[in-house]
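Me: I would like to learn how to read the features of a model like this one. Please give the general idea each time, then the case at hand.

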Amino acid sequence: MVPDDFGRGIVIPLLKNSDGNKFVSDNYRGITLSPIISKLFEIVMMKIFEKQLESDPLQFGFKQKSSCQHALLSLKTIVDHYSKHGSTVNICALDISKAFDRVDHYALLQLLMDRSLPRNFIGILLDWYTKCIVCVRWGGAISFWFCISAGVRQGGVLSPVLFAIYMDILVNRLRIAGYLCHLLNVFYGCLLFADDIVLLSHSVNAMQCMLQICNQFAVDFDVKFNSTKSVAMRIGCRYNATCEPLELAGDTLKYVDSVKYLGVCLIASTYFKCSVDHVKVKFYRVFNCIFSRSKSANSEMVTVQLLKSYCLPFLLYGSEAVGLSATNMHILDNCINRATYRIFHIGDYDNVWQSAVASVFRLV
């Protein structure tokens, strides 16, 4: 058993899109505040049962020494392998509605039993999830307390690990079917980062078979795929050929020319290709905000350091994993140059000074 207060939480709604409708609940994301002592207890539990709580290698989220870069590099490696050998890779990016909030508690406990976790560990979780009650804080007002009957505890240390275990069943089912992409006889047809799912197949028919497995998984584990946000795309020599429609959850998936995966915009082409247009927009937006507020500092080097700390991460995100083309590298380099010109008040006509300042900036 755990203390009753371990299950208490205060939900604070945060607005997702400031330009959207502020009177629609779907435009809010809830952040739950829970007792610190309960998180410390979870850390101890996870440390003790760390090996038994490991998730599938194709789940790149919630792990040490694993990041979005590893998932992007794996995706690029698979696509490059098949496209260079004359195949066209079919990519399906799947979206799950309220993924963390739809986890069935008893199905999760059954999965933990299948992993032969100790009875006391499972009993603690069972008692804990039956005591999950929260209230909503809006400004200075607090709602009544109500029970949470599904989903992993938001803000819990164990919650991401438990969700990864919940999603392992889908990966195992897809691996056993064996339809999707393989590399050196190793299955790489399904890449996950938390609830971001990408399916990779060298044929449309195989992809539809895999989507049927996803449909059955949704029925068995009370998961709802959002077919309006799930899309399909093709990369390879026949990327623009007309294909049979793919169906998910009773709806037809839309073939798109670009898809955003883990912050990187992939383009339908004969080879693995990315777009940096959205990155450039973010870079200039953040830089203009910093530059307008750092004028009073009267120090160009202060602005340069702020630029390196807050702007470059937007510009260079994922570049080491996806291998940007020469054109994209030129676009990113031009962004840095224009920023440095503005900081040091150098016109475009001063080519010598432009090169010098850009070199100084990179050294700093």
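Reply: Start with exposure: a residue is buried under 20% relative accessible area, exposed over 50%, and partly exposed in between. Arginine 173, at 28% relative accessibility, therefore counts as partly exposed. Keep in mind that this is a predicted model.

Me: What percentage of the residues of the protein chain count as buried?
Reply: The chain has 364 residues, and 46% of them count as buried. Its secondary structure comes to 11 helices and 17 strands. The C-alpha trace spans about 70 × 55 × 40 Å along its principal axes.

Me: How many salt bridges does a search of the whole structure find?
Reply: A salt bridge needs a side-chain nitrogen of Lys or Arg within 4 Å of a carboxyl oxygen of Asp or Glu. The search finds nine. One of them joins arginine 173 to aspartate 220, with the closest N and O atoms 3.0 Å apart.

Me: Why does the pair of arginine 173 and aspartate 220 tie together parts that are apart in sequence?
Reply: Look at where each partner sits. Arginine 173 is in helix H5 and aspartate 220 is in helix H6, so the bridge ties together parts 47 residues apart in sequence. Aspartate 220 is partly exposed, at a relative accessible area of 39%.

Me: Which residue forms a salt bridge with aspartate 168?
Reply: That is arginine 115, and the closest N and O atoms are 2.9 Å apart. The two belong to distant parts of the chain, 53 residues apart: arginine 115 is in the loop between H3 and helix H4 (119–129), while aspartate 168 is in helix H5 (residues 159–177). Arginine 115 has 26% relative accessibility and counts as partly exposed, whereas aspartate 168, with a relative accessible area of 6%, is buried.

Me: Where do arginine 102 and aspartate 222 lie?
Reply: Their side chains meet in a salt bridge, at 3.2 Å from N to O. Arginine 102 is in the loop between strand S3 (89–94) and helix H3 (105–114), and aspartate 222 is in the loop between helix H6 (204–220) and strand S11 (231–235), so this pair ties together parts 120 residues apart in sequence. Arginine 102 is partly exposed, at 28% relative accessible area. Aspartate 222 is partly exposed too, at 39%.

Me: How many disulfides does the structure hold?
Reply: In general, a disulfide is a covalent bond between the sulfur atoms of two cysteines. This structure holds zero. Cysteine 92 is in no disulfide, and the nearest cysteine sulfur, that of cysteine 214, is 8.7 Å away. Cysteine 92 has 0% relative accessibility and counts as buried.

Me: Which residues form the positive surface patch?
Reply: The positive patch here is formed by Lys16, Arg29, Lys98 and Lys229. Lysine 16 lies in the loop between strand S1 (8–15) and strand S2 (28–33). With a relative accessible area of 41%, lysine 16 is partly exposed.

Me: Which residues make the nonpolar surface patch?
Reply: Ile37, Leu40, Ile43, Val44 and Ile48 make this patch of about 460 Å². Leucine 40 is in helix H1 (residues 36–48) and is partly exposed, at a relative accessible area of 48%.

Me: How far apart in sequence and in space are threonine 130 and aspartate 4?
Reply: Read the two separations side by side. The residues are 126 apart in sequence and 9.6 Å apart in space, C-alpha to C-alpha. Threonine 130 lies in the loop between H4 and strand S4 (133–138). At 51% relative accessibility, threonine 130 counts as exposed.

Definitions and conventions. Residues numbered from 1 in each chain as written. Predicted model: local features only at pLDDT ≥ 70, side-chain atom pairs only at ≥ 80, totals over all residues. Heavy atoms only, no water. Patch = residues over 30% accessible without salt bridge, like charges linked within 9 Å, V, L, I, M, F, W, Y side chains within 5 Å. Areas by Shrake-Rupley, 256 points an atom, 1.4 Å probe, with all protein chains shown as cover. Lys, Arg positive; Asp, Glu negative; His and termini not counted. Charge placed at Lys NZ, Arg CZ, Asp CG, Glu CD. Helix = DSSP H or I, 4+ residues; strand = E, 2+ residues; numbered from the N terminus. Buried < 20%, exposed > 50% of the residue type's maximum accessible area, 1.4 Å probe, protein only. Disulfide = S-S within 2.5 Å.
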